[in-house]
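Dear colleague,

Please find below the structure that I am handing over to you, followed by an account of what was found in it. I would be grateful if you kept it open while reading.

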Amino acid sequence: MIDSHCHLDHEPMFSDLKNVIKRSKENGLEKILSICTTHESFKKIIEIVKLDPIIYGTFGIHPHETSSEKTTKNDIIKNVNSNDKIIGIGESGLDFYYNHSAKDEQIISFKNHIEASIELNVPIIVHSRNAEKETFEILNKYKNLNPKILMHCFTGSSEFAYKLLTLNSYFSASGIITFKNSIDLQKTFKLIPNDKLLIETDSPYLSPVPFRGKKNEPSFIKYTLEKLAQIKDTNTEKIEKVTNYNFKSLFNLN
């Protein structure tokens, strides 16, 4: 299994990384991608990726942080190029649910991240909340440049998913698909083609059932995998193989 999105630099995982990695391996994780949210986050990630061959990282500024954390396209490119194990850009995007950062600041930052990802030909990990229209409109402007798009922790509508598929986007399922009240989201994932699916924990957040309400970690990814297989009317072995292949294909890894 591959956890395509977690935050190993966040507590309680950061202070217990040795055991988190050990449990991950014991539960069959092949790769873990630790996602950056701030410049300070990136400093930790650069150290974390040294700990084990299965760990990779990204560079990016979370939309919540764009008021206080400024970055440019060249800054993003420089950070990604600083280490071979930094394989993606993000998480970036738009979050209009909270007012942590002004909309215009989020949009400028998002465009910088997209343009850097296109120049480097690496995936951009997209966060979108209460911003379906704006997220699609911005990404669609770059369609002819073939950005590699990964919609992280996708919770959008089926209409949004169909639009994103016209951009050749990938979609990552989180523990939210295991929640009883996520029927509409489960239906949307049922419709998304298998060759566009990944799985993630977003740990330490969004623990899947049966650990909902507790701190999440990569070793819990199997519960999301099992639920996705159920949604797709197939077995876990097939979905594991598919999501592993999709991750390696998208991030150009063996």
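In this predicted model, eight strands make up an open sheet, with parallel pairing and the order 1-2-3-4-5-6-7-8. Strand 1 (2–6) and strand 8 (197–199) are the edge strands, each pairing on one side only. From one strand to the next, the twist averages 30 degrees. As a general point, the strands of a sheet pair through backbone hydrogen bonds, either parallel or antiparallel.

Strand 6 (residues 149–151) pairs with strand 7 (residues 170–173) in the parallel sense, over two bridges. Within strand 7, Phe171 is the bridge partner of Met151.

Helix 8 also packs on the sheet, where it touches strand 1, strand 7 and strand 8. The direction of helix 8 makes about 150 degrees with that of strand 8. Helix 8 (residues 221–231) packs with helix 9 (residues 236–251) as well, at an angle of about 110 degrees and with the axes 8 Å apart. An angle of 65 to 115 degrees counts as roughly perpendicular, and helix 8 and helix 9 are therefore roughly perpendicular to each other. Helix 8 contributes Leu225, Glu226, Leu228 and Ala229 to the contact, while helix 9 contributes Thr236, Ile239, Glu240 and Thr243. Sorted by class, these residues are four nonpolar, two polar and two charged.

I turn next to the nonpolar cores. The largest nonpolar core has 61 residues, and those with the most contacts inside it are Leu8, Met151, Phe154, Leu164 and Phe189. Helix 8 supplies the largest share of this core, namely five residues. A second, separate core has 13 residues, including Leu33, Ile125, Leu150 and Phe251. Returning to Leu164, its contacts beyond the neighbours within four places in sequence are Phe136, Leu139, Met151, Phe154, Ser169 and Phe171.

Finally, I would draw your attention to Gly88, which lies in strand 4 (residues 86–95). Is Gly88 buried or exposed? Residues under 20% relative accessible area count as buried; Gly88 has 0% relative accessibility and so counts as buried. Not counting residues up to four places away in sequence, Gly88 touches Gly57, Thr58, Phe59, Val80, Val122, Pro123, Ile125 and Phe251. Between Gly88 and Asn130 there are 42 residues of separation in sequence and 24 Å in space, C-alpha to C-alpha.

Yours sincerely

How values were computed
Residues numbered from 1 in each chain as written. Predicted model: local features only at pLDDT ≥ 70, side-chain atom pairs only at ≥ 80, totals over all residues. Heavy atoms only, no water. Axes fitted to C-alpha atoms, helices over the stretch in contact; angles between N-to-C directions. Helix = DSSP H or I, 4+ residues; strand = E, 2+ residues; numbered from the N terminus. Parallel < 35°, antiparallel > 145°, perpendicular 65-115°, else oblique. Contact = heavy atoms within 4.5 Å. Nonpolar A, V, L, I, M, F, W, Y, C, P; charged D, E, K, R; others polar. Buried < 20%, exposed > 50% of the residue type's maximum accessible area, 1.4 Å probe, protein only. Core = buried A, V, L, I, M, F, W, Y, C linked by side-chain atoms within 4.5 Å. Pairing = 2+ DSSP bridges.
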